[in-house]
Amino acid sequence: LTPAGETAFLRILTRLGINLKGAEIQNAAFELLPSEVYRNDSVKHPYDQTHFDFFLELTDGRRIFWEIKYTEAGFGKISASEKHPDRYVKQWQNVYSKLYQTSAYRNSENPVCPEDYICLKEGRLTACCAREASCAIHEFFSHYQIRRNIVWAQHAGDHVMFLTPRENTSLDAERAYIEAYADQYGKGYIHNVYWEDLLPITLQETAGDSALHDYYARFKSKYLD
C-alpha cells in the first residue's frame, strides 16, 4: 500500500469497529499459515494447516484475522477420511485443545470428553453422544471453520472478522451463530462484516488514492452492482 492507502485502510478498520488506539499496521498477508503467525511460540507453532484468508498485525501486537466468503454456500465443516478415522480426535488433542485453553474468546475453560470422543471416532461428526448438546468440543466441530478461526485469537484485543455478502442468504444461520457467540464471548472483537457495507466505506476512504479508488469501484461494479 501507498502511505495514503495505508492511512485509508486504518480509517476503514476504525469504521468497522476496531479501536486502533494509535497503532499502525506492522504486517499484512493473504493466505497465511498459523505457523508463520506464531513462528516464535513453541506451543502455537503447529501442526494446523488453517490458512487465514487475510491477516493483519498491528504495532501494539494485536492481530486481526479475516475469513472471507463470496458465493460459498457455507462455512467449512469437517470432512470424513476413511484412511484417518481418528483424524479429528488427534487434531483436538494435539492442536485445538491447547489453543482452546489460551484462546481469548471461548465458551469453556477446559473442555474434556468423558466419552472418549465417540462423536468423532468415525472421522466425521456424529450425533451418537447423549452429552453433545452441552459439549464444548462437539460445538467446536459443529462450527469447524468458524471456531477454528476464533481459537487462533490468542490475546485479548485480537479481532476475528467474517466478511460475507449479505445477499448470500445461505450463510444466514452461520452468521447468526457468529453473532450469538460474539455476544457471549467476544463482543466487539468477533465481527460479521458485509461486502455491501465494506465497499462503500472503502470507496469513501480511498477517494484520495485514485488507483485504489478505481480498483474498488470496478470490484464493486463487477461483484455487487
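Start by selecting Trp-195, Leu-199, Pro-200, Thr-202 and Leu-203 in helix 7: they meet His-213, Tyr-216, Ala-217, Phe-219 and Lys-220 in helix 8 (contact means heavy atoms within 4.5 Å; helices, H or I of at least four residues, and strands, E of at least two, are DSSP runs numbered from the N terminus). This is a predicted model, so local features need pLDDT of at least 70 and side-chain atom pairs pLDDT 80 or more, while totals for chains, interfaces and linings use all residues. Residues are numbered from 1 along each chain as its sequence is written, and side-chain values use heavy atoms, leaving out hydrogens and water.

Now show helix 7 (residues 195-205) and helix 8 (residues 210-223) whole: they pack at an angle of about 150°, axes 9 Å apart (axes are lines fitted to C-alpha atoms over the stretch in contact, and angles run from 0 to 180 degrees between N-to-C directions). That makes the two helices roughly antiparallel (over 145 degrees).

Next, pick Tyr-96 and Phe-141, which touch the most other members of the 39-residue largest nonpolar core (buried Ala, Val, Leu, Ile, Met, Phe, Trp, Tyr and Cys joined through side-chain atoms within 4.5 Å; buried is under 20% relative accessible area, with a 1.4 Å probe and protein chains only). Helix 3 gives the most to this core, seven residues. Around Phe-141, look for contacts including Ile-78, Trp-92 and Leu-120.

Last stop: Ser-97, in helix 3. Ser-97 is buried, at 13% relative accessible area. A polar atom of the Ser-97 side chain lies 3.1 Å from the backbone oxygen of Gln-93.

How values were computed:
Buried means under 20% relative accessible area, exposed over 50%, partly exposed in between (1.4 Å probe, protein chains only). A polar contact is a pair of N or O atoms within 3.5 Å; within protein, one must be able to donate a hydrogen and the other to accept it, and residues adjacent in sequence count only if both atoms are side-chain atoms. Angles under 35 degrees count as roughly parallel, over 145 as roughly antiparallel, 65 to 115 as roughly perpendicular and the rest as oblique. Lists of a residue's contacts leave out its neighbours within four places in sequence.
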